[in-house]
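Colleague: I am new to this structure. Could you walk me through how to read it?

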Amino acid sequence: MAITTEGELMDKIVTLCKRRGFVFQSSEIYGGFNGFWDYGPYGTAMKRAIEQLWWSEMVEKRDDVVGLDSTVICHPKVWKASGHIDRFGDIMCDCKHCKARHRVDQMPDPKVCPNCGSTDLTPPREFNLMMKTYVGPVFDDEHVAYLRAETCQPIFVDFHLIRVATRMQLPFGIAQIGKSFRNEITPRMFTFRSREFTQMEMEYFCPDKGSMEIWEHWRDTRYKYYREKLQFREDEIQFHPHDKLAHYAKAAVDIEFKFPFGWGELEGIHHRGTWDMSRHQEYSSQNLEYFDPATGEKYLPTVVETSVGLDRTFLAVLSHAYDEQKAPTKKEGMEEDVRIVLHIPPRIAPVQVAVMPLSKKLNDKALALRKDLWDSFRTEADVTGNIGKRYRRQDEIGTPFCVTYDFDSESDNAVTVRDRDTMQQERIKIEDVAAYIAKKIEF
Ligand code: GAP
């Protein structure tokens with residue numbers, strides 16, 4: 001069913017996220033903190049599930065990628081070498097009249113506010129996006145450190161330690177999931193552009209020869225992941241080649257998602273050449289070359305990167321999943337009302353199975369069944385309200401299966417399993433429920 005306008009869809013997602021405990025503003029009782037978001041119980045469950053899905057596809061189910069969990073704060077020289085301290089920012093100016101802030105390079109006329117037409121602008125100023133802190137008791141320039149702005153830099157820095165420890169040979173990748181911090185000037189669109197966010201990055205180290213084919217391979221692999229694993233429709237994602245390549249890059253493409261506010265970058269697939277390794281070699285004065293046992297050559301590895309934001313993936317999943325449908329109701333005087341349903345892929349749904357005793361008298365049996373299921377699935381016991389209301393509650397958080405334990409269950413040893421998307425119900429033997437659901441979730 002068409003939801004109304006796209007702007008309204010975004011508002012509905014934000015409202016649902018708060019009401020049902022997916023995502024809300026950080027420090028809300030203090031008026032919120034712009035650019036920072038907390039994930040509530042259902043949000044946490046889904047975020048962890050997405051993270052686990054990515055990790056499983058990118059690391060666990062491959063023999064050429066290994067993992068890393070590095071610190072958020074590392075030696076400040078890392079960010080000098082990466083170029084973030086000198087170049088990671090924008091030249092901005094403020095309109096004194098309407099208070100809007102603009103990136104100067106994006107203003108059609110840098111002397112006129114594109115928002116209100118005023119010429120009363122502040123002089124252009126440089127904003128660096130790195131978040132600064134101090135390490136040690138003294139708050140002076142010597143003790144300045146930075147929160148990482150991307151998770152990939154520690155991967156480059158630790159490349160040699162990891163290669164030696166694992167005895168991996170090129171080509172191979174190192175993956176990391178973790179928090180990144182950027183002092184974004186205009187955080188916006190809910191969690192799309194935040195100041196604290198989670199990245200899932202994989203750096204694939206390879207010889208330069210054949211690296212373009214490797215870049216193409218990752219571009220296609222990642223696209224397939226969105227279509228098959230997150231079940232995004234063909235009209236919801238697209239490639240967007242970079243108009244302007246970073247000076248060191250040989251190729252770069254974004255995978256974009258059609259958010260309610262328009263197309264937005266979800267993931268970047270970057271061919272970074274030897275830029276990162278050569279910069280860290282220069283700044284650390286360590287030889288970071290790889291000795292290729294097959295050819296006897298020594299060279300700096302070329303890097304192909306896949307880099308995606310977890311928070312943006314989360315928002316894309318909700319945008320894809322949100323639906324309002326007409327559904328039959330038993331409410332007095334009404335034949336139909338609207339059910340809100342999230343068609344979240346079962347693998348990453350916050351609750352995969354809700355177990356519902358039809359009456360309080362059946363609570364113990366139903367809860368015993370839930371315990372049988374919780375080793376294999378994310379489960380919840382939903383024990384209050386009439387069954388119709390409970391179904392609606394579960395639809396709204398995207399629970400793909402509701403299992404109802406009723407009075408007949410006592411004699412037929414079976415339960416009713418209701419499918420979120422079709423609303424069809426099937427009677428399944430209790431001993432077969434786990435296998436039945438597992439089969440439907442697996443992909
Ligand atoms: N290592 C490369 C890199 O960090 P990026 O394009 O700056 O590249 C990669 O970021 C991904 O991280 C983006 O595609 C996006 O999904 C996510 N991301 C970047 N900035 C973000 C922000 N402020 N809030 C949420 N996600 C962000």
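Modeller: Begin with W37. Its relative accessibility is 23%, so W37 counts as partly exposed. Keep in mind that this is a predicted model.

Colleague: How should I read that label?

Modeller: Buried means under 20% relative accessible area, and exposed means over 50%. W37, at 23%, is therefore partly exposed. F190 has a relative accessible area of 10%, so F190 is buried.

Colleague: How many aromatic pairs does the structure hold?

Modeller: The structure holds 21 aromatic pairs. W37 and F190 form one that is edge-to-face. The ring centres are 4.8 Å apart, with 80° between the planes. W37 lies in strand β2, residues 37-39, and F190 in the loop between β9 (172-181) and β10 (196-206). The pair therefore ties together parts that are 153 residues apart in sequence.

Colleague: What kind of pair do Y248 and W275 make?

Modeller: Here the planes are at 5° and the centres 5.0 Å apart, so the pair is stacked. The pair links distant parts of the chain, 27 residues apart. Y248 sits in the loop between β11 and β12 (251-259), and W275 in helix α7, residues 275-284. Y248 is partly exposed, because its relative accessible area is 26%. W275 has 14%, so W275 is buried.

Colleague: Which residues form one aromatic cluster?

Modeller: F192, Y225, Y226, F232, F257, F259 and F261 form one cluster. Take F232 as an example. F232 is placed in the loop between α6 (211-228) and β11 (237-241).

Colleague: Is F232 buried or exposed?

Modeller: F232 counts as buried, because its relative accessibility is 1%. Next, look at its contacts. Leave aside its neighbours within four places in sequence, and F232 is in contact with Y226, R227, I237, F257, L266, A316, V317 and H320. Y226 and F257 are also members of the aromatic cluster.

Colleague: What about E324? How far is its C-alpha atom from that of F232?

Modeller: The two C-alpha atoms are separated by 18 Å. Along the chain, F232 and E324 are 92 residues apart.

Colleague: Which rings have a charged end sitting over them?

Modeller: Two cases to look at. The charged end of R312 sits over the ring of F192, 3.7 Å from its centre. The charged end of R219 sits over the ring of F239, 5.9 Å from its centre.

Colleague: Next, the backbone. Where should I look?

Modeller: Start with the peptide bond joining L170 and P171. It is cis, with omega about -5°. P171 lies in the loop between α5 (152-166) and β9.

Colleague: Which residues other than glycine have a positive phi?

Modeller: K99 is one of them, with phi near 70°. F190 also has a positive phi, near 60°. K99 is found in the loop between β4 (89-94) and β5 (101-103). K99 is exposed, because its relative accessible area is 64%. F190, by contrast, is buried at 10%.

Colleague: Finally, how do I read the chain as a whole?

Modeller: The protein chain has twelve helices and 23 strands. Its C-alpha atoms fill a box of roughly 75 × 65 × 50 Å, taken along the principal axes. Of the 443 residues, 51% are buried. Among contacts with a separation of 6 or more, 63% are between residues 24 or more positions apart.

Definitions and conventions
Residues numbered from 1 in each chain as written. Predicted model: local features only at pLDDT ≥ 70, side-chain atom pairs only at ≥ 80, totals over all residues. Heavy atoms only, no water. Helix = DSSP H or I, 4+ residues; strand = E, 2+ residues; numbered from the N terminus. Buried < 20%, exposed > 50% of the residue type's maximum accessible area, 1.4 Å probe, protein only. Contact = heavy atoms within 4.5 Å. Phe/Tyr/Trp six-rings, centres within 6.5 Å; stacked < 30°, edge-to-face > 60°. Lys NZ or Arg CZ within 6 Å of the ring centre and 35° of its normal.
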